[in-house]
Amino acid sequence: MLKVVIRTDASLHIGSGHVMRCLVLADAFKRAGHTVTFATRPQKGDLIGLIKQRGFSVCELNLPSHWLEPTTAADYAAWLQVDERQDAQDCMSQLNNVDLVVVDHYGIGIKWHQSVKSQHRCKIMVIDDLVREHAADLIVDQTLLRTPNEYQLLNPTAHILSGTDYAIIHPDFAELHTDSLVGKELKNKPRVLVSMGGVDAPNATLQVLKALKCDFSEPPLVTVLLSARAPHYQQVKRFSEQEKDWVTHIDFVENMAGFMAQYDMAIGAPGSTSWERACLGIPSIIIALADNQLTICKKLSDVGAAISVDLGSIDNDLKKAYQQLLADYAQMRKTNLELCDGLGVDRIIKNIPLLFDDVLRLRCAELKDTQQVFEWQCAPETRQYALNKSVPSLVEHQAWMERKVSNSKDYFYIIERVNLAEVHPESVGVVRLDMTSDNSYILSIFIAPTHFGKGIAKQTLSMLDKQHPSIIINAVVLKENTASHALFHRAGYIKIDEENYIRPPIE
């Protein structure tokens, strides 16, 4: 089980998208048995209350001595409010024994990673789409058509998960994706979802609504999704109430996937919601609200999944884009469904164990291991070099296990492979030390055939040296078993004759 910290922020400048997708990822970590803490800085427009409401603890970072106002939409240093190294120190000083830090923040880069790495033995996962240099162990970039070779890695062993196969969206979308694959006819009066993100600082929502009213004698049926956190919320709400015959305004939706599946098309910002729309086969008109969204806009337009309209050209270009979307609807719907299947979070979680080295450990065998040990003992690979070639029956084996487990003079261990990122250890073999009449021990070891060639036997002998340094261990190896002869030689056992080895007490 991992102790995971997610470093991300939401604010009126940053928006809510980073925190919202991190909540989806946090839910997945929690389902996998890990513990998750959010590290975030309180500020106007933060989502600390929502994070706590979703059941996660929050480490609230120190407030800056003075608040910075971003000078441009790409002033990411002002998003962070403090120096990267200071932020890293603030974050990690409040958290102990962290295994994995997940960073989703445009204001955090390589200096932050290096500062954390220099003081803590943890892995770092970065969610990014700016193709920056990172000192991370895992980079997730869900940008459409992004490839790993676009990143220059400071850490040559880092893993890169790129493209929409790793889109971080709620699992509910994957469940509805299959239903969406069924053909869908466009109604005479399409249902349109307008969603410009949780903040919509430039008030693109109102511009879109006014353009739809002016351009069409009979506007489509529109639902606007905009939270009360948005600075222009009241303006949008008033417009919606005035035009309630065709506009419905909603503040918040709990089941986003089920909600979005009701709509035929969308007009929105090209953030993470792009992959939610794609997963449900919803063609869209996309309007970039910040420079970091321009790449997604271009790529979605290039593949025919969406039609891009510039923020400054909504009044002039929205009608033409809407008419084109109607004309190309069937093909655009098909293209969207091919972009994203909604299983990105599952794929990310499955890659987490690759960041951590496997550790072997020995635990005392129990009766619950009877069936597993029996299967290993019956394997042809085990019997090939066994001193006793006969295969026991299950009844004989059960009786043998009962005797062995209850024998206080012998040592009977199950070899387990343990990975911090996995909840349950994996049993990979057996090692026994059976006491003889002269108080020395006979060694017996066999590894599960599926784990041959991984150095497990050698590591196990090393663990026995540390755990039982004061006893004498004997081993009998058939002459033709060349692999075991090499194993005991490398482990420092003394060869007595062609088939016998001894490990004297270790001083």
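Predicted model: local features only at pLDDT ≥ 70, side-chain atom pairs only at ≥ 80, totals over all residues.

How many residues apart are Lys298 and Asp302 in helix 11, and about how many helical turns separate them? And once that's clear, could you take me on to the other charged pairs?

Modeller: Lys298 and Asp302 both sit in helix 11, which runs over residues 294-302, and because they are 4 residues apart, about one helical turn separates them. Their side chains meet in a salt bridge, with 2.8 Å from N to O. Side chains of opposite charge can pair when their charged atoms come close. Now, buried or exposed? Lys298 has 54% relative accessibility, so it counts as exposed. Asp302, at 53%, counts as exposed too.

That's one of 30 salt bridges in the structure. Let's move to another, between the side chains of Arg417 and Asp358, again with 2.8 Å from N to O. This pair links distant parts of the chain, 59 residues apart: Arg417 is in strand 15 (residues 411-418), while Asp358 is in the loop between helix 14 (344-351) and strand 14 (359-364). Arg417 counts as buried because its relative accessibility is 14%, whereas Asp358, at 42%, counts as partly exposed.

Stay with strand 15 for a moment. The side chains of Glu416 and Arg363 also meet in a salt bridge, this time with 2.5 Å from N to O. Glu416 belongs to strand 15 and Arg363 to strand 14, so this pair ties together parts that lie 53 residues apart in sequence. How buried are they? Glu416 has a relative accessibility of 4%, so it counts as buried. Arg363 is buried as well, with a relative accessible area of 17%.

If you're wondering why both get that label, the cut-off for buried is under 20% relative accessible area. Arg363's 17% falls under it, so Arg363 is in.

A network of salt bridges links Glu416 and Arg363 with Arg361, Glu366, Lys368 and Asp369.

Note on methods: Residues numbered from 1 in each chain as written. Heavy atoms only, no water. Salt bridge = Lys/Arg side-chain N within 4 Å of Asp/Glu carboxyl O. Helix = DSSP H or I, 4+ residues; strand = E, 2+ residues; numbered from the N terminus. Buried < 20%, exposed > 50% of the residue type's maximum accessible area, 1.4 Å probe, protein only.
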